[in-house]
Structure formats: structure tokens, C-alpha cells
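Q: I would like to go through this model with you, one topic at a time. Could we begin once it is displayed?

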Amino acid sequence: MTDLDSSYDVVCIGGAMMGSSTAYFLTENPDFDGSVLVVEPDWTYDRAATTRAQNSIREQFTNELNIRLSSFGVDFIADFHEHVQVDGDSPEINFRGTGYLFLADTEELYETLERESEAQLSAGADVEMLRPGDVAQRFPYMDADQLAGARLGGMREGSFDGWALFQGLRRRAIHNGATYVKDRVVDLDVEAGRVTQIRLESGRSVACGHAVNTSGCRAKQVAAMAGVELPIEPRARTSFVFDCRTPIEGIVPLTITPVGVHFRREQNHYMTGAVPEHDVAVDYDDLDVRHDEFEDLIWPAVARFVPQFDQIGLVTSWGGQYDYNTLDHNLIVGPSSAVENLVFANGFSGHGLQQGPAVGRAISELITYGEYRTIDLSPFGYGRIERNEPIVEHAVI
Ligand SMILES: Cc1cc2nc3c(=O)[nH]c(=O)nc-3n(C[C@H](O)[C@H](O)[C@H](O)COP(=O)(O)OP(=O)(O)OC[C@H]3O[C@@H](n4cnc5c(N)ncnc54)[C@H](O)[C@@H]3O)c2cc1C
């Protein structure tokens, strides 16, 4: 059993993407000279969203802050090896810049995509609008007759190895002095509006300067330990990998159909997923595959736009969960008002891998300087939850 000190400056509750990114950015910051403990019960990370994700990154959000968060993710991935090296070694991030392609099958949807593109361009994203003829020219495998047009992102969007991103951050944080302990947080003692003791399943407890809630889908349970309400619930998302009898030549961007089914190439196969028709809260342990989704929802949607996908075979599938923010599908970051040293990094609703580096950096700034220094994330703070004021993000996948 790992020996623990009686007190740490920062304790991260959950050690996957958000816990490791927070630990990484704190321990990389020369202005932070405190101690960091990361509590994580599952060292295989098998059930974490981080391990069950589809590993893509895009700048095509509609909220400027979401665009900037992901843009930092792209920059971080570009120099990944320098950031996370330990003894000259770092995991291979395998970024493939294919772009994201949002399809429109009506003029109305095309106009919506076009309107959104103006905000994206002014936030620095690289996007262009395509008409059916342009789509046919760039992506000849697509049935352009089904389209009114599309919006295509640039080479800064694409896919990467999410496991490598997380492991690189984790390994480097440990190298920098963060302590990871195999245990589970079961309770938080709160006195005078501060978390004072963090109680662990093993029976031990530690005092903390700040507690950071990085527990993914279980964020609501952890917040409740301190008497704070978080509107986050687990929502089932199944990933399917299929192959196609006639493989597609050339680039296949991550493509989003008008019904929200998305697909991209993954080596010789194609990875796909959808928002379920009945998107409701599920049990925390429910990682079941929703097999019907593939036949009833996904296959018709992808075959409509890519005729070659009429003949496909399922290769594998796995279940996962979004840590779904029911107020507005956006992250909740920063302190809760009632418990000032309980900091949230929660509610990513499907964007957390790409936003992980920027959020870890933001929390490290908040803890080290008492303010955000790079991207001001206060609009994504807990205050909007209390005021019941959603932040609008239209491009939710
Ligand atoms: C199917 C799917 C596809 C996705 N695709 C993408 C994508 O393409 N791009 C993208 O950016 N994002 C994607 N995401 C979202 C992304 O995976 C998550 O937002 C991100 O991994 C969240 O990381 P996290 O560390 O907050 O949570 P998690 O990875 O879920 O980790 C939470 C950790 O907290 C631990 N924990 C829980 N309770 C406690 C406790 N009481 N004490 C201590 N530890 C605890 C858990 O064991 C777990 O390891 C996808 C998610 C899914 C499910």
C-alpha cells in the first residue's frame, strides 16, 4: 500500500484524463511548489470514459470558449513529445489531421452551418462551406445528391491516441512528484465552507488545500459528499467499428450526418456512434452495448451518404458513458460557491479528451494564482448552474 502524508496541497478525486492533466499542469508550473495526490481506485482505467472514447478533436464548436479550449488541445498535441518526455521517452500520439465534415441535407441546415462558421472563423478556426459539387470533388465516395452542402474543418481537426495523451500526462506528473494512490474517495468532511478531510475506502484520510473533482460520470456522487448539487448524469454511448467490402480511397474526415450519427476511418476500419433515440440517465455500472443502434439508426444513416457502406460488417463494439451536464452539455469548471476549496472539472458531455489539456492548465492557474491566466473559464463556472443560465453550444455530438 502506498504510504500517504497526512496532508496534500491538492487532491484529485479520479486519476484519468482530468485528474492526470490537473496533476501534470500543477507539477509543471514553477510557481506551484505544493504537493499533489491523485486518488484512483481502478489502475486499469478500464471503465473510465478516457479509455472508452473515440479520440477525436475539433475546432468546430459554436461557443468561442469551446473553440479556444480545443485549439489549445491541438497545439498541445502538436508538441506532445516535448511536453511529456520522461528520460527521453514519450508515448506515440499518432495525430491524423483529417478534419470534421458536418453534412447538411436541407438548405435550412446548410444556412445554420454557414452562420455558425462565421463565429468559428472569427475565433480562429479553419473552416469552409462546401456545396454538393465541392463535396463530390473532394470526397468522391459520398452521394452528393443527398446533400444541400457541408462544412469542412481544416487539418487541425482529426483523431489521435487518447490513451497515449492520458498516459503521457500521468507518467510525467508522477515523474514531477505527484503521488498516485490506489483507493477510492468515500466521503468529504466539510467545515466552515471548506473540505478539510478526504476519507478513503481503505479507512485512511488526508487533509487538503484543494480537492479537485475529477471523477467523471460519478462527479455528482462526489459533489454530494460535500453537500453540493451537480447536474451531471451518466448517459450510455456505444462505439461500433465496422469494415466495408469496398474500402474507401483517400481521406475520410470525421463525418457527422444530420441525425447526429458520426463516422471516421480507424486504420482499415471505420468507427461510428450516435446519440441514442432515448437518451436518458443510466446506471453508473451500465456499460452494455446497445446492439440495436447499429442496425436501426447507424447503418441506414451512413449508407444514405456513402453508398459503399451498404455492405458492411461489424468488427467490434463497446459501451461507454458521457458525463452529461443536463443543464447545457458543457463543462463545469472552478470552485463551488458553498465549498470554496472544492474545484470542479466535470460535465464534459463528450468533449473531455480534447479539452483535457486546457482544463488541467486552467485549474492549475486557479489553484496557483487564484485566477485564470490564459483562457478565462469563469463563464463555465458553477455560478451559471446556481443561476440556471445555460451556455448555448449547438455543435454537440
Ligand atoms: C463513447 C465516447 C466517445 C468519446 N469521444 C470523445 C472524443 O472523440 N473526443 C473527446 O474529446 N472526448 C470524447 N469523449 C469524452 C471523454 O472521453 C471524456 O470527457 C473524458 O475522458 C473525461 O475524463 P475524466 O477524467 O473526466 O473522466 P473518466 O475518464 O471517466 O475518469 C474518471 C475517473 O474517476 C475515477 N473515480 C470515480 N469515482 C471516484 C471516487 N469516488 N474516488 C476516486 N476516483 C474515482 C474513476 O475510476 C475514473 O478513472 C468520449 C466519451 C465516450 C464515452
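Q: Where is the place of Gln60?
A: Gln60 sits in the loop between strand 3 (56-57) and helix 3; helices (H or I, at least four residues) and strands (E, at least two) are DSSP runs, numbered from the N terminus. Please note that this is a predicted model, in which local features need pLDDT of at least 70 and side-chain atom pairs count only at pLDDT 80 or more, whereas totals for chains, interfaces and linings use all residues. Residues are numbered from 1 along each chain as its sequence is written, and side-chain values use heavy atoms, with hydrogens and water left out.

Q: Is Gln60 buried or exposed?
A: Gln60 is buried, with a relative accessible area of 0%. Buried means under 20% relative accessible area, exposed over 50%, and partly exposed in between (1.4 Å probe, protein chains only).

Q: And what is Gln60 in contact with?
A: Leaving aside neighbours within four places in sequence, its contacts (heavy atoms within 4.5 Å) include Tyr100, Phe102, Gln120, Arg151, Gly153 and Ala395. The side chains of Gln60 and Arg151 are joined by a polar contact of 2.6 Å. A polar contact is a pair of N or O atoms within 3.5 Å; within protein, one must be able to donate a hydrogen and the other to accept it, and residues adjacent in sequence count only if both atoms are side-chain atoms.

Q: Which strand does Gly153 lie in?
A: Gly153 belongs to strand 6 (residues 149-153). Gly153 is buried as well, at 8% relative accessible area. Beyond four places in sequence, Gly153 touches Gln60, Gly99, Tyr100, Asp126 and Val127.

Q: Changing topic: how many residues surround the ligand?
A: The ligand is surrounded by 34 residues, and the closest are Glu40, Thr50, Ser56, Gly352 and Gln354; a residue is near a molecule if one of its heavy atoms lies within 4 Å of it. By class, this shell has 15 nonpolar, 14 polar and 5 charged residues. Here Ala, Val, Leu, Ile, Met, Phe, Trp, Tyr, Cys and Pro count as nonpolar, Asp, Glu, Lys and Arg as charged, and the others, Gly among them, as polar.

Q: Which backbone atoms lie 2.9 Å or 3.0 Å from it?
A: A backbone N or O atom of Gly352 lies 2.9 Å from an oxygen atom of the ligand. A polar backbone atom of Met18 is 3.0 Å from a ligand oxygen, and one of Val185 is 3.0 Å from a ligand nitrogen. Taken alone the ligand exposes 1000 Å², and the protein buries 93% of that; the areas come from the Shrake-Rupley method with a 1.4 Å probe, and for residues only the protein chains shown count as cover.

Q: What about the largest nonpolar core; which residues have the most contacts inside it?
A: Those residues are Val359 and Leu377, in a core of 50 residues. A nonpolar core is a set of buried Ala, Val, Leu, Ile, Met, Phe, Trp, Tyr and Cys residues joined through side-chain atoms within 4.5 Å. The largest share of this core, 7 residues, comes from helix 10.

Q: What does Val359 touch?
A: Not counting residues up to four places away in sequence, Val359 touches Met18, Leu69, Leu331, Val333, Ala345 and Phe348. Apart from that core lies another, of 28 residues, among them Val135, Phe242, Cys244 and Tyr270.

Q: One last topic: what is the phi of Asp87?
A: Asp87 has a positive phi of about 50° although it is not a glycine. Most residues other than glycine have a negative phi. Asp87 counts as exposed, at 74% relative accessibility.
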